[in-house]
Amino acid sequence: MKIVKTVDEVRVIVKEWKKEGLTVGLVPTMGFLHEGHKSLITRAVSENDRVVVSDFVNPTQFGVGEDLESYPRDLERDTMLCEEAGANLIFNPEPENMYFDDFSTYVNIESLSEELCGKSRPIHFRGVGTVVSKLFNIVNPDRAYFGQKDAQQLAIIKRMVRDLNFDIVGCPIIREEDGLAKSSRNTYLSKDERKAALILSKAVKLGEDMAKAGEKDTDKIVSEMIKLIETEPMAKIDYVQAVDAVSVKPVKEMTAPVLVAMAVYIGKTRLIDNFIYEG
């Protein structure tokens, strides 16, 4: 497996693969990989001849005061996980190789990026759309793989690829044994905060159970989830909301597909979780 640092190196390698008639899968990540990422890589390996994993903490999706500088990084650890999963290449560029000093072109997915996380992170999804588009153009993959944990991001990327004629594969959330959704930011949590963070997955299960039992009123489901989260003293809710899983617009009834998503601060760490009701 190779680790490459520049756009030109990736393009040369991928062009050779394409000349051989090989299919290429792409797994975009911000590094500090965990079992959730590994599941995406494993899926990509099973469906493609070659797999590229991008390992890049993208500065354009971080706002002022967010955790760009402190975001965890460990390329050696990431390399071991990628090798175990069967990836062929890690693309680990420096920001200056991805963005010129006078960079001024962005991909903005309107409307969908204004709800949920977009309310408190207004530039985030513009940065996501931009870097993913750049990675698609650099790698030219046959398929790209994204996890459902970042459900709004997945919906936004789905809209972008529909509008701009790319192709992606969505994959389910991978959780710890106790239910906590896998996240690189889980490393920020103290022992007590880690225990408190389980309130997110408990709220997800509560909402899922209510929907499966036939509750159709999204306000009732969200209200009960909020009540449960508020029983945890360390939890501070950013949002809990039910939206159409395609348009990301608020809905009042559990008419599939509905995304019920949340962002909750445990101490200073902002965590997200969700479930999708398919009916």
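Okay, let's start with the open sheet of six strands, which has the order S1-S4-S3-S2-S5-S6 and parallel pairing. Two strands count as paired if DSSP finds at least two bridges between them, and strands themselves (E, at least two residues) and helices (H or I, at least four) are DSSP runs, numbered from the N terminus. At the edges of this sheet you'll find strand S1 (2-4) and strand S6 (168-171), each pairing on one side only. From one strand to the next, the twist averages 25 degrees.

Before I go on, a word on what we're looking at. This is a predicted model, where local features need pLDDT of at least 70 and side-chain atom pairs count only at pLDDT 80 or more, while totals for chains, interfaces and linings use all residues. Residues are numbered from 1 along each chain as its sequence is written, and side-chain values use heavy atoms, with hydrogens and water left out.

Back to the sheet. Strand S3 (residues 50-55) and strand S4 (residues 89-91) pair in the parallel sense over three bridges, and Val52 has Leu89 of S4 as its bridge partner.

Now the helices on that sheet. Helix H1 (residues 7-19) lies across S1, strand S2 (24-29), S3 and S4, at about 150 degrees to S4. Angles here run from 0 to 180 degrees between N-to-C directions, with axes fitted to C-alpha atoms, for helices over the stretch in contact. Helix H6 (residues 124-139) lies across S2, S3, S4, strand S5 (143-147) and S6, running at about 150 degrees to S2.

There's another sheet to look at. It is open, with three strands in the order S7-S8-S9 and antiparallel pairing. S7 and S9 stand at the edges with a single partner strand each, so one side of each has no neighbour in the sheet. Here the twist averages 15 degrees from one strand to the next. S8 and S9 are joined by nine bridges, and Val258 has Tyr277 of S9 as its bridge partner. H10 packs on this sheet, touching S7, S8 and S9 (contact means heavy atoms within 4.5 Å).

Last stop, helix H9 (residues 198-212). Its 15 residues reach 21 Å from first C-alpha to last, close to the 21 Å expected at 1.5 Å a residue, where the expected span is 1.5 Å times one less than the number of residues. So which residues of H9 are buried? Among them are Leu198, Ile199, Val204 and Met210, buried being under 20% relative accessible area with a 1.4 Å probe, protein chains only. The buried residues pack against helix H8 (191-196), helix H10 (218-229), strand S7 (235-244), strand S8 (258-266) and strand S9 (269-277). After H9 comes Gly214, with a positive phi near 110 degrees.

How values were computed: Buried < 20%, exposed > 50% of the residue type's maximum accessible area, 1.4 Å probe, protein only.
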